[in-house]
Amino acid sequence: MSKPIRRACVIGAGVMGSGIAAHLANAGVQVLLLDIVPPGLSDEEKKVRKNRNRFADSGLANALKAKPAAFMHKSLAGLVQTGNVEDDLERLADVDLVIEAVVERLDIKRALFEKLEKVIGEDTIVASNTSGLRIKDMVEGRSESFKKRFLVMHFFNPVRYMKLLELVAGPDTDPAVVARIKKAGEDQLGKGIVLGKDTPNFVGNRIGVHSMLLIMQLMLEEGLTPEDVDAITGPPMGHPKSASFRTADMVGLDTFLHVADNCYESLVQDPAREVFKAPDFLRKMVEQKLLGNKTRAGFYKKDKAGVLTFDPVKLEYREKAGSEDIKKLCKKLSAEEDVRARVKALVADEGPAGRFAWKALSQSLAYSAAMIGEITDSVEAIDDAMRWGYNWELGPFETWDAIGLVEAAERMKKDGIALPASVENMIAKGAKSFYTDDGRVFDLLAGEYVARDRDPRAVPLALLRKGEKPVFNNAGASAWDLGDGILGLSFKTKANSIDADVVKAINETLDIAERDFQGVVIANEGDHFCVGANLFMIVMAAQQKAWDQIGKVVSDFQGAVQRIRYSTVPVVAAPFGMTVGGGLEICLAADATQAYAETYSGLVEVGVGLIPGGAGNVNMLFNALELIPEGAKVDTQAIVATVFENIAMAKVATSAIEAQKYGYFRHRDGVSFDRARHVYEAKQRALGLAGAGYHPPAPRAFVLPGESGIATIGMMIDTLVAGGFASEHDALIARKLAKVLCGGAGGHTHAVTEQEMLELEREVFISLCGEPKSQERMQHMLMKNKPLRN
C-alpha cells in the first residue's frame with residue numbers, strides 16, 4: 001500500500017472540493033472533479049453534457065480565479081477533468097483515491113458511499129473531508145472491504161497554503177491504508193500529518209474553536225473591545241497578526257458558528273461544554289449576514305471613513321476604539337523576536353492585557369492537556385495541529401513550556417483550574433517541561449519521556465550545522481559545515497538583503513568550498529530568502545555623483561554572482577518567500593535551485609528606477625537561450641522580448657512552479673512542497689550534483705537582435721507611453737533595458753559574450769543612478785525603511 005497516488009477523484013466542487021482538486025493537481029496528480037447535475041434543468045438542457053457538468057465546471061473556474069490562487073500555475077488546471085455523479089461514476093474504477101467533499105449531511109454521504117462501493121476498484125481508497133460526522137455513522141451498511149479502505153482526510157482552507165492535514169481512521173480502517181495516505185500527504189502534497197481520533201471536529205478545530213469561543217466570552221467578562229483582544233491575542237500571544245476576530249472574519253462567521261454548534265451539540269460529556277456555546281452576538285451577526293470577509297462585513301468592515309468595528313454589546317458598528325495602554329504594551333511585546341520570551345512577558349504583565357492573556361491561555365492549556373487520549377494520544381499532535389492549522393507560532397504545550405511548566409501549573413491551581421491527573425503525575429516525577437533539548441517529549445498517557453516522532457528530512461537549518469562555530473563569518477553572512485561535504489552559506493542582514501559583507505562572504509565561501517568541500521547550498525532563515533540588495537550606499541554615492549564608487553559596487557556584485565555560476569563545486573540556491581532583485585540574481589546563477597513551492601520571485605529593480613545590476617539580465621536571457629539546440633534557425637527577438645517584458649513589468653511569480661514558467665527557475669530545478677524539508681532537499685540536490693561528476697559550465701555567447709531589436713521594443717514602449725500606460729521615466733528605463741538585452745546596437749553582428757553583457761548592464765545601471773527620477777524612487781524606498789531591492 002505504499003504506492004503513490006497518481007489518479008484521484010474529488011466529489012463536491014465547492015470551495016473545499018475545488019481547492020483539494022487544485023492542490024492535487026499542483027502535486028501532479030490527475031484529478032476527476034465531480035458534482036451533482038444541477039436541479040431544475042429542462043429535458044432539453046439535460047441532454048447537453050455541458051449543462052450537466054455545470055457545477056463541477058463552475059468549481060474549476062472558481063478555483064482558477066481564487067485569491068489567493070489555488071493553482072500554482074493556471075496550466076495545472078489541465079490535470080483536472082470535470083463531470084457529474086450521474087454520468088461519470090464508472091470512471092472511478094481505476095482511481096487510487098476518492099475524496100468526498102459534499103454537504104455535511106449524513107444521508108447524502110451514505111447514499112454517495114453506497115454508489116461508490118459499486119464502481120470503485122478493489123484497492124481504491126475512499127476518504128471523507130468531513131469535519132464533524134462520525135466514521136461509524138458514515139460507513140453504516142458498507143462492506144468490510146469498503147470500511148477497511150475508508151478514512152477521514154480533513155484539509156484546512158485554503159488547501160494549498162495550510163499545512164495541516166488531519167487523518168482519522170475508523171475502527172475497521174486498515175493501518176496500511178492510513179500509512180499510504182500519510183506518505184502521500186507528506187511526500188506528494190507537502191502536508192503535515194496529524195493523526196486524530198474519531199471525535200467531533202478532530203484535533204485542530206476542537207482546540208482552536210475552544211480557544212476562540214473562550215476568548216469571546218472573556219472579552220465580555222473583562223469589558224474589553226475586539227480591538228483590545230486582537231492586540232493581545234496576536235503576536236504577543238504567539239498567534240498570527242490576524243489574532244482572534246480578524247481570523248474569524250477570514251474563516252467566515254457562519255462557518256465558525258457551524259463548527260461551534262456541532263461541538264456544543266455533540267460534546268454532551270465534555271467538562272468545558274459551555275465554552276462551546278456560541279455567544280448571542282455571534283449568532284445575531286450570522287442572522288444579519290455579517291459573515292466576515294465573504295460579505296465584506298464581520299467584526300470589522302471598511303467604509304469611506306475607514307475601518308469600523310462591530311460592538312458585541314450594542315450590536316452595531318462604531319469607529320475603532322480600544323485601550324491605548326493595551327495597544328502600547330502589545331506593540332512593545334510584538335517587537336520581541338523570541339516568541340517564548342514574548343508570551344512569558346505577556347502573562348507576567350499585571351495589567352488588563354496580562355490578566356486577560358493568562359485567563360485565556362491557562363484555560364486553553366489545561367483543556368488541551370485534558371484532551372490527550374480523547375482526540376489524539378500525542379502532545380506533539382496537538383501542537384502541530386495548532387501551528388499548521390491555525391498558524392500559531394507555538395502550540396499549547398510549547399506555550400506551556402515557554403511560561404514554565406511548574407510555574408504555570410501552580411498558578412492554574414491557585415486560580416481553581418483543574419489539571420488532568422496526567423499533568424500532576426508528570427510534575428510529581430520531576431519533569432520540568434513537555435519537550436527536552438535532546439529530542440524527547442513527555443508522553444502523558446505513558447507517563448514518561450519518549451523520542452519525538454520526527455521526519456528525519458524535516459531538519460531546521462540550525463540543526464544541520466556541524467561544529468560549534470562557522471567555517472566563515474562576517475557581519476553579513478556565515479558559512480557552516482552542513483555535513484557530507486556540503487557547505488551552507490546563510491545571510492544575516494535585515495530581510496537577508498545583500499550588502500558588501502554578503503558579497504565578500506559569497507567569494508570567501510566559494511574559496512573555502514573549492515578547497516575543502518564538495519558543494520555549496522545557499523540557504524537562509526527568516527520569512528524571506530532575500531529581498532535584494534540594500535541600496536543605501538548606492539543612494540548616497542549617487543547624491544555625491546561618485547560614479548566610480550557605484551561602478552565598483554556593481555562590478556563586485558556581478559563578480560560574486562558569476563563566481564557562483566563558474567565555481568568548481570556545484571552551488572544550489574534554496575529560495576523561499578520573497579526572492580526578488582539580487583536574491584533572484586543569485587538563483588539565476590546557481591547550478592540548481594531547490595525552491596520552496598511558496599516562493600515569490602522576480603527582478604523588480606524598475607520599481608526603484610534601475611535595472612538588474614547583479615548579472616540578472618545576462619543570466620535570465622542566456623538561461624533561456626541555452627535551451628535552443630545548436631544550429632537551430634531561431635529568431636531570438638521573441639525570447640528577448642519575453643525576458644524584457646518580465647523585467648520591465650517587474651513580473652513577480654507567485655509560486656516556484658510559476659517561476660519555472662517565467663524562466664526564473666529552470667524546469668529541471670526542484671520544488672519542495674514542505675518548508676520543513678526544504679534545506680534537507682537542497683542539500684540532497686547538491687550532493688547529487690557533486691556525486692555525478694560535476695564540472696562547471698563553459699562561458700556562453702549568443703547572437704542577439706541588436707539595433708533592430710532595440711527599435712522593435714522601442715515601438716512597443718512608445719505605444720505604452722502614448723496610451724498613458726507608462727511615464728517618460730518608465731520609458732527611459734525600458735529603452736536602456738532593451739539596449740542591454742539586445743546586446744547593444746551591434747548585438748546582431750557577432751556572438752555577444754557574457755562579459756560584454758555585464759559591461760552593458762553596469763553602464764546602464766550607473767547611468768540610471770544619475771537620473772533624478774530614479775534617485776527619487778530610491779530615496780522613497782529608503783524612507784519606507786525597507787531593504788532596497790537591487
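Analyst: In this predicted model there are 16 aromatic pairs; rings of Phe, Tyr and Trp (its six-membered ring) count as a pair if their centres lie within 6.5 Å. The planes of a pair are called stacked when under 30 degrees apart, edge-to-face when over 60, and tilted for the rest. One of the pairs joins F146 and F150: the ring centres are 5.9 Å apart and the planes meet at 25°, so this pair is stacked. F146 has 1% relative accessibility and therefore counts as buried, a term for residues under 20% relative accessible area, with exposed meaning over 50% and partly exposed in between (1.4 Å probe, protein chains only). F150, at 1% relative accessibility, is likewise buried. Ring pairs also bring in F113, giving a cluster of F113, F146 and F150.

A second example is Y390 with W392, whose ring centres are 6.5 Å apart and whose planes lie at 65°, so the pair is edge-to-face. Both Y390 and W392 are buried.

Charged side chains also meet rings. A charge sits over a ring if NZ of Lys or CZ of Arg is within 6 Å of the ring centre and within 35 degrees of the ring normal. R273 is placed over the face of Y264, 4.0 Å from the ring centre, and K651 has its charged end over the ring of Y662, at 4.7 Å from the centre.

Residues are numbered from 1 along each chain as its sequence is written, and side-chain values use heavy atoms, with hydrogens and water left out. Local features need pLDDT of at least 70 and side-chain atom pairs count only at pLDDT 80 or more, whereas totals for chains, interfaces and linings use all residues.
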